Structure formats: C-alpha cells, structure tokens
Amino acid sequence: MSNLLSQHKIHRKLTTLVENRTTYNAEYAELNIYETHAIAEKVSLTFDFPIIASMLTGKKVMHLDGFDAFDFFPGESVVMPTNKEMIIDFPIATKHKPTQCLALGIDAFKILEVVEKFNHHVAIENENNNWDLDKTTSHLINNVDVNHLLERLTYTFTNSNKSKDVLLDLMIQELIVRLLQTKAKSLIVNDTHIFNDTRIGTVIKFIKDNLTNKDISVDQLAKKAYMSTSHFHKQFKNTLGISPIDYINSEKIKFSKKLIKASPNLRMSEIAFQSGFNNTSYFNRQFKKTELMTPQQFKASVNK
C-alpha cells in the first residue's frame, strides 16, 4: 500500500495532524485521501454525495447510524449515502505511523446512468426489483473485487497518464456495478419477499436449506430456477457478482466458521466434512480465498 501512495506523498501538503485532506478530481468523481498523525476522537465527516470510504493504513473506530461502533481496518470499506454523518475515533495514529483512508465520491448522474443499465440487464423475472446505492450504509469486509478496483483507482488518480479520465470513467462504472451486485446480494438474501418470490431468491433458499449437501450442482440449481444452465449461470453472476459455485462455497465457509467457534475441539477435517466439503485441502483453499487466512489461523484468532 505504501507504493500505491508514493506519488501522493511527493505532492501532498500537510496542514493539520487530524484528517489532513488531499483531493484529486476527475470528470465524474473525486478522490479524497485523509491522513491522521495523532490520536483523536469524535471527528465528524459528512459528504453531499454518495461515497465509498476505504481504509489504507492504521485503524479507525467508526460510529455510524444503524451500526454498533466497529473497528475499521485496511481491506474494509463502507458505502455512505449522501449527507450521512460519520463519527470517527483514531486510537493508534502517530506521526510516523499515520492512519490513512480514502473517500471516493461519485457524481450522482454517473451513478444513475450505470444503475439504469444494471437494472435493465439483471432485473429478476422483470419484477422491477431495482437496486440503488444511495439508500443505506453498507460495511464491506474482504470484498476482493472492490478492493482491487479501489487500488487501481487510487493509483490512476494520483499518477499522470494521458488516458487518465477515460481509465477512471471505466473503472468507476465497474466499481458501481460491483457495489450494486453486493447490494443486490444483500437484498436477495435478507429481504423475505425477494428471498421467497423470485427464481434467484428460491435458489438461494434452496442452497441455504441444503448447505451441507456435497452434491449440489449448477444444473440442479438451474432446474430449480426454471432456466437453462448457461442462462442461470449468467443471470446469477450478473446479479450477485459471484458464480453459483463460489456463492455455495462462501456460504459453507460461513457455516464452518460457526462450527469452529462453537466446537473448538473438532478436528479441521471434521469441520470440513460437516460444512459440506468433500476434502480438507479444498476446504482450506476456499477458506483462505474467502477469509484471507487459513482455518487454523482463524481458529487461533477466535480462541485467544
């Protein structure tokens, strides 16, 4: 991450030790990089446009309406609606190890343009289930696709390039789609009406009800959705941003984490088997892919 901000450090000016702000502008967006070099509490930030805030270094404690206070670390992001206040504590920021965070604001017209295209292509059974970004706050943890995009956006914003505006426009459109897919996934999984009354929702319910079944196939899920296998796979991935198999594995990993917490004496091979995996090595690979740590590392972290 330090290499990502190398050009930024050359040109930015420090005028305050708490939330020193440097802004980079593009046609449809602005990137704000905030740096804090001293411990501070109850710092308030509000934006008059939707933003995605992402941690770069250090740690914050976030106080957001609708959430219990939570620690905010690198690799995590929050999506904030317009005029939504963030109250922030900086418990470990120092002169030599600052807390750094970015806040990417996107023009509302650009968001609307991409939202309309997205809803046109992924509307489930034409039931007008339209996803929006500027409604509620979201907390994203270990969303690999979003994190990679934010890194590329930060690099492009802070470095000179003749095609800078074109590249940023394309990346911003992709980021909006990724966030919409995350929002759609959350709504489908948590909204009772969508969960029960759409074909994708019906498939999600079937997966959850049969999570430890080792023989769930995409063909089987497509039949449940009354779609061809190829159309189902495309519709599922376009809507949720993840393939059916990756979704199944991610849900099994969530289940395995609950088992690890509830039954610390269980062998990892038994955890894998009870979570619906055929072998431990595949379980280990999927766990690390999803959680960015091995099952044993997770077990050690929760049993400290």
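Trainee: Which residue of E9 is the bridge partner of Glu-35?

Mentor: The partner of Glu-35 in E9 is Gln-100. The model is predicted, so local features need pLDDT of at least 70 and side-chain atom pairs pLDDT 80 or more, while totals for chains, interfaces and linings use all residues. Numbering starts from 1 along each chain as its sequence is written, and side-chain values use heavy atoms, without hydrogens or water.

Trainee: What makes strand E2 and strand E9 a pair?

Mentor: Two strands pair if DSSP finds at least two bridges between them. Strand E2 (residues 29-36) and strand E9 (residues 99-106) have eight bridges, in the antiparallel sense, so they qualify as a pair.

Trainee: Which strands are the edge strands of the six-stranded sheet?

Mentor: The order in this open, antiparallel sheet is E1-E2-E9-E4-E7-E10. Strand E1 (20-25) and strand E10 (138-141) are its edges, since each pairs on one side only. Neighbouring strands in this sheet are turned by 20 degrees against each other on average, direction ignored. Helix H3 (residues 144-158) lies across the strands E1, E2, E4, E7, E9 and E10, and runs at about 95 degrees to E2.

Trainee: Why are E3 and E6 said to stand at the edges of their sheet?

Mentor: That open sheet has four strands in the order E3-E8-E5-E6, with antiparallel pairing. Strand E3 (40-45) and strand E6 (70-72) each have a single partner strand, so one side of each has no neighbour in the sheet. On average, neighbouring strands here are turned by 35 degrees against each other, direction ignored. Strand E5 (residues 60-64) is joined to E6 by three bridges, antiparallel, and Lys-60 stands opposite Phe-72 in E6.

Trainee: Why is H6 called roughly perpendicular to H8?

Mentor: The axes of helix H6 (residues 199-209) and helix H8 (residues 229-240) cross at roughly 90 degrees and come within 11 Å. Angles of 65 to 115 degrees count as roughly perpendicular, under 35 as roughly parallel, over 145 as roughly antiparallel, and the rest as oblique. H6 is therefore roughly perpendicular to H8.

Trainee: Which residues make the contact between H6 and H8?

Mentor: Contact means heavy atoms within 4.5 Å. H6 supplies Ile-200, Val-203 and Ile-204, and H8 supplies Phe-232, Gln-235, Phe-236 and Leu-240. By class, six are nonpolar, one is polar and none is charged.

Trainee: What angle do H9 and H11 make?

Mentor: Helix H9 (residues 244-262) and helix H11 (residues 280-291) pack at about 95 degrees, their axes 10 Å apart. H9 is therefore roughly perpendicular to H11. Residues in the contact include Ile-253 and Ile-260 of H9 and Phe-283 and Phe-287 of H11. The contact divides into five nonpolar, four polar and four charged residues.

Trainee: Where are the domains?

Mentor: Domain 1 is 1-190 and domain 2 is 199-303, with bounds from an automatic or database assignment. Their centres, taken over C-alpha atoms, are separated by 28 Å. An unreviewed UniProt entry annotates residues 201-301 as "domain: HTH araC/xylS-type". Residues 201-301 are 72% helix and 0% strand.

Conventions: Axes fitted to C-alpha atoms, helices over the stretch in contact; angles between N-to-C directions. Helix = DSSP H or I, 4+ residues; strand = E, 2+ residues; numbered from the N terminus. Nonpolar A, V, L, I, M, F, W, Y, C, P; charged D, E, K, R; others polar. UniProt positions renumbered as here; feature names shortened; annotations may be inferred.
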